[in-house]
Amino acid sequence: MQQRENRLRIPPATFVFLLLGIAGSVVSACQSSDIEHLASAVDPFDGAEVAIRGQLAEDSTGYALVNGERISLHPCVAPFYAARAYAPAWTNSSARDTLIALIRGSGDVGLDPEHYHISAFSVATDTSGVDSTSSIVDQDLLLTNAVFILADDLSGPRVDVHELYGSNWFATRRALPPDTTLASALASPDPAQAVAQAIEQLHPQDPEYRALRAMVARQRAIVERVDWPNLLAGRDIAPGDTSAVVPTLRERMRLEGPSLPDPVAQLRTIYDPVLAAVVRAFQTSRGLEPTGLVDQVTRVAMNTRPTGEFIPLLTLNLERWRWLPNDLGDFHVLANIPSFELAVRERVGQDYTEHLRMNTVVGRPSWATPVFSDTMTQIVFNPTWTIPASIQIESYGRVRPGGMVRDPG
């Protein structure tokens, strides 16, 4: 029995060394596992600087590849990367997703998303799914290229204006600094939000341009709406009347864009003055007599779903507005040719206040009023008027030698 106890007894020193040996094996195994994990977690952008530098040095403009197709890059792309030591620009996934969403939405202002490589970004943009540095570099270059092309398209005409409108349209190209704006946005603490703001700043900031964009969005929403607030046939409704149709009427008018306040419950069926004003505006827009009376003709117009036929015209006017100067001036005169009106306006914050609005005479299709913006140096009140030969013949039967001039008055 004594011999058995001696065989089972392990010296303390041996036991300690045994535990240390086991622990050493565990630590060694853990360290090996960590090294393997670190080796697999390679930075997908590692080596991108060298690849970008090499690709941009291939020729004077550089290129990117899309499905094996060589895409020439905007001339500003190479200097942009040179200024950042060829570091990739779109390492932030939120900023990438934001830009791609904005490119996809560029059609809402009459642009073509395909012009900004949207098909190349239709796949997931998470770099973990990209299997090579070259793919990451091509995506980075294309994203930057899209910003510069978009800036060009938003800063002025994309077509030959004189070929379309002759010499009657003096288009300008707005001065935009997309390179410094983009660099600042990408370096901000919240690059996604900063990129969205930077792209927004490329658009004209005039209230008329913002109103046109809002109208396009509203028209698209109406066209895509599944349900439609139809006004049931019934008696005519005049301002001040009470009718069960009024809530539907209010819902229908909200589709036109105005902000209509919700009345208290007991007044929901009353055709109030605010709603009547919106109905009159609707009738005017449809070429109807603005009486405010919801009669059969007005009901038919309200129940007719728009097909989006005005969207191309609205986006065309967005394009034309981008041909105007970036800043019309704090105090300026705006002649609205289609509405035969002239307004004297002064900037107040992001909007303008009108000091004067008046009717004005504009040209005809055969003698169009030119579209231009310039600094006014003088103004003549009550000028003399040289009577045209056509009016002389109509009024006097002949053209007087030396012409006819009417005194101011």
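1. Val333 is partly exposed, with a relative accessible area of 39%; here buried means under 20% relative accessible area, exposed over 50%, and partly exposed in between, with a 1.4 Å probe and protein chains only. Val333 sits in strand β3. Helices (H or I, at least four residues) and strands (E, at least two) are DSSP runs, numbered from the N terminus.

2. This is a predicted model, in which local features need pLDDT of at least 70 and side-chain atom pairs count only at pLDDT 80 or more, while totals for chains, interfaces and linings use all residues. Residues are numbered from 1 along each chain as its sequence is written, and side-chain values use heavy atoms, with hydrogens and water left out.

3. Val333 also belongs to a nonpolar surface patch with Met376, Ile379 and Phe381, and together they have about 450 Å² of accessible area. Patches are made of residues with over 30% relative accessible area and no salt bridge; like charges are joined within 9 Å, and nonpolar side chains (Val, Leu, Ile, Met, Phe, Trp, Tyr) within 5 Å. A salt bridge is a side-chain nitrogen of Lys or Arg within 4 Å of a carboxyl oxygen of Asp or Glu. Accessible areas come from the Shrake-Rupley method with a 1.4 Å probe; for residues, only the protein chains shown count as cover.

4. On the whole chain: the protein has 15 helices and 7 strands, and 33% of its 409 residues are buried. It exposes about 24900 Å², of which carbon and sulfur atoms supply 57%. Of the contacts (heavy atoms within 4.5 Å) between residues at least 6 apart in sequence, 60% join residues at least 24 apart.

5. Ala85, in the loop between α4 (77–83) and α5 (93–104), has a positive phi of about 55°; at 51% relative accessibility, Ala85 counts as exposed. Phe340 lies in the loop between β3 (331–336) and β4 (341–348), and its phi is positive too, near 55°. With 44% relative accessibility, Phe340 is partly exposed.

6. Glu319 is in helix α14 (residues 311–321) and is buried, at 6% relative accessibility. Its side chain makes a polar contact with the side chain of Arg322 at 2.9 Å. A polar contact is a pair of N or O atoms within 3.5 Å; within protein, one must be able to donate a hydrogen and the other to accept it, and residues adjacent in sequence count only if both atoms are side-chain atoms. Neighbours within four places in sequence aside, Glu319 is in contact with Gly156, Pro157 and Arg158.

7. Asp272 is placed in the loop between α11 (246–254) and α12 (273–285). At 18% relative accessibility, Asp272 counts as buried. The Asp272 side chain reaches the backbone nitrogen of Leu275 at 2.9 Å.

8. Strands β1 and β2 (residues 69–72) pair in the antiparallel sense over 4 bridges; two strands pair if DSSP finds at least two bridges between them. The bridge partner of Ala64 is Ile71 in β2. The two strands, β1 and β2, form a hairpin with 2 residues between them, and Asn67 in the turn has a positive phi of about 50°.

9. Ala57 is in the loop between α3 (48–56) and β1 (63–66) and is exposed, at 58% relative accessibility. The C-alpha atoms of Ala57 and Ala78 are separated by 8.5 Å, with the two residues 21 apart along the chain.
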